Amino acid sequence: MSHVTPVFLDLVRVETRLYNAVGARLRAEHGLALGQFEFLQIIDRVDGCRVLDIVRELAITVGAVSKAVDRLVDAGWCVRVAHPQDRRSSVLRLTPEGEKVLAASRPVVESALAALTGTVPAADLRRLAAILAALRASLEADDRGQPG
């Protein structure tokens, strides 16, 4: 086995456990799934956000994003608005209720992650963040890991 394989396996297991633990707390405190939180954050951050913006950022399929956005719309957390220049597309916007649930959820996610990573020295977390950002940028620059 190469020296990279154990790193990859650890990375995947850590991500899964962090995701599950943070997701459980978020659902218990706000009835919101972590995936929904991620979508709301992207819609809030990306000006003129479209389904394809979420697809590119999360590297999941258009169908999965469309279904998830439909659920956000049904929950009253976002709306689809006709794109001003492209009638075939829509822009996603948070509703006031979506803004409220996102604002209430951010501190929960942050505190859960802080608690779960508290045994790792801050300098190591900063170094890990830099390493992961560089790897992510490299993969995204070459459009690797996109579905399909």
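A residue is called buried when its relative accessible area is under 20%, exposed when over 50%, and partly exposed in between (1.4 Å probe, protein chains only). The model is predicted, so that local features need pLDDT of at least 70 and side-chain atom pairs count only at pLDDT 80 or more, while totals for chains, interfaces and linings use all residues. Residues are numbered from 1 along each chain as its sequence is written, and side-chain values use heavy atoms, with hydrogens and water left out.

**Exercise 1.** Determine where L132 is found and which surface patch includes this residue.

*Solution.*
Step 1. L132 lies in helix α6; helices are DSSP runs (H or I, at least four residues), numbered from the N terminus.
Step 2. With a relative accessible area of 34%, L132 is partly exposed.
Step 3. Patches are made of residues with over 30% relative accessible area and no salt bridge; like charges are joined within 9 Å, and nonpolar side chains (Val, Leu, Ile, Met, Phe, Trp, Tyr) within 5 Å. A salt bridge is a side-chain nitrogen of Lys or Arg within 4 Å of a carboxyl oxygen of Asp or Glu.
Step 4. L132 belongs to a nonpolar surface patch together with L11, V120, L125, L128, L135 and L139. The patch has about 510 Å² of accessible area, computed by the Shrake-Rupley method with a 1.4 Å probe.
Step 5. Helix α6 (residues 122–141) supplies the largest share of this patch, 5 residues.

**Exercise 2.** Describe the salt bridge between E29 and R25.

*Solution.*
Step 1. The closest N and O atoms of E29 and R25 are 2.8 Å apart.
Step 2. Both residues lie in helix α1 (residues 4–30); because they are 4 residues apart, about one helical turn separates them.
Step 3. E29 is partly exposed at 43% relative accessible area, and R25 is partly exposed at 32%.

**Exercise 3.** Describe the salt bridge between E97 and K100.

*Solution.*
Step 1. The side chains of E97 and K100 meet at 3.8 Å, N to O.
Step 2. These residues are 3 residues apart in helix α5, which means a separation of about one helical turn.
Step 3. E97 is partly exposed, at 38% relative accessible area, whereas K100 is exposed, at 55%.
Step 4. The structure holds 8 salt bridges.

**Exercise 4.** State which residues of α2 meet α5.

*Solution.*
Contact means heavy atoms within 4.5 Å. In α2, the residues are L34, F37, L40, Q41 and D44. Their partners in α5 are G98, V101, L102, S105, R106 and V109.

Conventions:
Helices (H or I, at least four residues) and strands (E, at least two) are DSSP runs, numbered from the N terminus.
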